[in-house]
Amino acid sequence: MRNSILLGVFSGLSLIGCSSAKKQETEKREKPNIVFIMSDDHAYQAISAYGCGLNNTPNIDRIAKEGVIFTKGFVTNSICAPSRAVMLTGKHSFVNGKVDNLMPFDWEQDNFAKQLQKSGYQTAMIGKIHLNGLPQGFDYSNVLPGQGQYYNPDFIENGVKKQYHGYCTGITTDIAMEWLENKRDKNKPFLMLYHQKAPHRTWMPEKKYFDLFKDKQFTPPANFFDKYENRPVAAKHEMGIYEHMDLAYDLKMLDEEGEIKTRLRKNAQWMYERMDSTQKAAWDAHYKPLIAEFKAKGLKGKELALWKYDRYMKDYLSTIQSVDDRVGELLDYLDENGLAENTIVVYTSDQGFYLGEHGWFDKRFMYEESFRTPILMRYPKEIKAGTEVDKLIQNLDFAPAFLDYAGITIPKDIQGESFRKIVNGESGEWRDAIYYTYYEFPGEHNVQRHHGIRTDRYKLIHFYYDSDTWELYDLEKDPTEMNNVYNNLAYADVQKDMHKKLIELRIKYDDSDENDKKHLQRFLDAKNLKH
Ligand code: SGN
Ligand code: CA
């Protein structure tokens, strides 16, 4: 509606003079720029636009306010490197080959950056990519090796490693701005992947925000003390805030006296040693009093669990504040340089994250908090401010959507679908179910291999490694997934229907038991393990 009104106004103007008609023509021909912002492990619960009340992210929210917010955005495989491979290729993990963080990624295959590059885009990849090898499809790349570091990080610029001094979130942004300002060819449309390391574990805040949540006491979600009844696989997790979060490494209780003995104390020490003396002094000034206070309290049991949750939230959310600031700087840059109107800006995360739900941190499971991911997007030329999309969108859909917006034919073998028509209201037709796979087991955090489907209301999960465990959830009645209704007679028809849909989706996407077995064998071989 708004678009047709605008077009009407423009065509009226075009009758007035030739020069404005010409300008219009160039505008029509102009392909949109794309700024694809992604953070690592940024839960939707920690973006204020999603309304969870934990923190304030005014700059990230601005993208949704001036564009669209996706309230049912999901990943296809809730883990870092696979998720990035899915976004680049528009294909499920079992098709693009990057099924877990361990397997190598094949950069030789097609990706949407290569397609944009071929059609005349300038392309850049900046920040965390977590895929081995030199990124292909990019005129410029400056990426973190592996997970990257918060303080004084190394970067690999077009294949050459160098160390930067300072805080990773700011450095990544400076590199991005420098590329926008001085390194690209300004006569071409551009694609910039600007991917932050934060707020990935171990949530090391920037000095500026050490005290941001000093006076706040965080209350955990209602299912923080979950007992995992009727969910035997969930019960075997190793991602409990109380049981597994490391006091020295994750929660910075690295005392000089060495009285707080933890499994990952050595890693905590390495991280600390990366800082220079000024950074260390600021760090100590903040954490030393907290360490002393913690020791004096001698907390145990439930009190210790609540203390850990509160400390976790304080650090995790502080790192997000730095991300939000920098997103603001980038949006300002686009405004100041007349780029806002014709630039698609997307904000998303490589997956969701647990902020105490089920007592957890980390991700991997197909349960909502890690299956979901935030997606906010702005494109003033086409997207009406304040739009909300509640269709089942997946990170699989980014590649085809970007190609669609750029006017490039979407290759037939891409498995995702462009959500362009959904966003601009041209069409309401969309898939009614989404497919999920997870493979990294046996491994860190002990989340067993599984796959499953989700519709608007129900979710079916199958854990299949050394058991044959099924879970079914009625998300309308049980949004926090505490009540597995698999084999509950009241849901017999739903169960049957969901099984049928699972088979259909596995066929549609070309997945199979043979695939599962193949990936398991490759994984075990790589790790030198036996099943
Ligand atoms: C590291 C973390 C894990 C995390 C994985 C995967 N441990 O191994 O907690 O699940 O990364 O994260 S740490 O001790 O190294 O911090 S991912 O986002 O890269 O997939
Ligand atoms: Ca991640």
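**Exercise 1.** Which protein donors does the calcium ion (ligand 2) have, and how are they spaced along the chain?

*Solution.* Step 1: list the protein donors, which are Asp40 (OD), Asp41 (OD), Asp350 (OD), Asp350 (OD) and Gln351 (OE1), at 2.1 to 2.8 Å from the calcium ion (ligand 2). Donors are N, O and S atoms within 2.8 Å of the metal (3.2 Å for Na, K and Ca), and water is not among the atoms, so sites may look incomplete. The model is predicted, and local features need pLDDT of at least 70, while side-chain atom pairs need 80 or more. Residues are numbered from 1 along each chain, and side-chain values use heavy atoms.
Step 1: read the spacing, D-D-x308-D-Q.

**Exercise 2.** Why is the arrangement around the calcium ion (ligand 2) irregular?

*Solution.* The 6 donor atoms subtend angles of 49 to 171°, which makes the arrangement irregular. Six donors count as octahedral if opposite donors are over 155 degrees apart and all others between 65 and 115.

**Exercise 3.** Describe the surroundings of ligand 1.

*Solution.* Step 1: count the residues around ligand 1 (a heavy atom within 4 Å); there are 18, and the closest are Cys80, Asp362, Arg364, Glu444 and His445.
Step 1: sort this shell by class, giving 3 nonpolar, 6 polar and 9 charged residues.
Step 2: Asn101 has one at 3.0 Å, Lys363 at 2.8 Å and His445 at 2.7 Å.

Conventions: Chains are lettered from A and ligands numbered from 1 in the order in which they are written. A polar contact is a pair of N or O atoms within 3.5 Å; within protein, one must be able to donate a hydrogen and the other to accept it, and residues adjacent in sequence count only if both atoms are side-chain atoms. Ala, Val, Leu, Ile, Met, Phe, Trp, Tyr, Cys and Pro count as nonpolar, Asp, Glu, Lys and Arg as charged, and the others, Gly among them, as polar. Four donors count as tetrahedral if all angles lie between 85 and 135 degrees; four count as square planar and six as octahedral if opposite donors are over 155 degrees apart and all others between 65 and 115; anything else is irregular.
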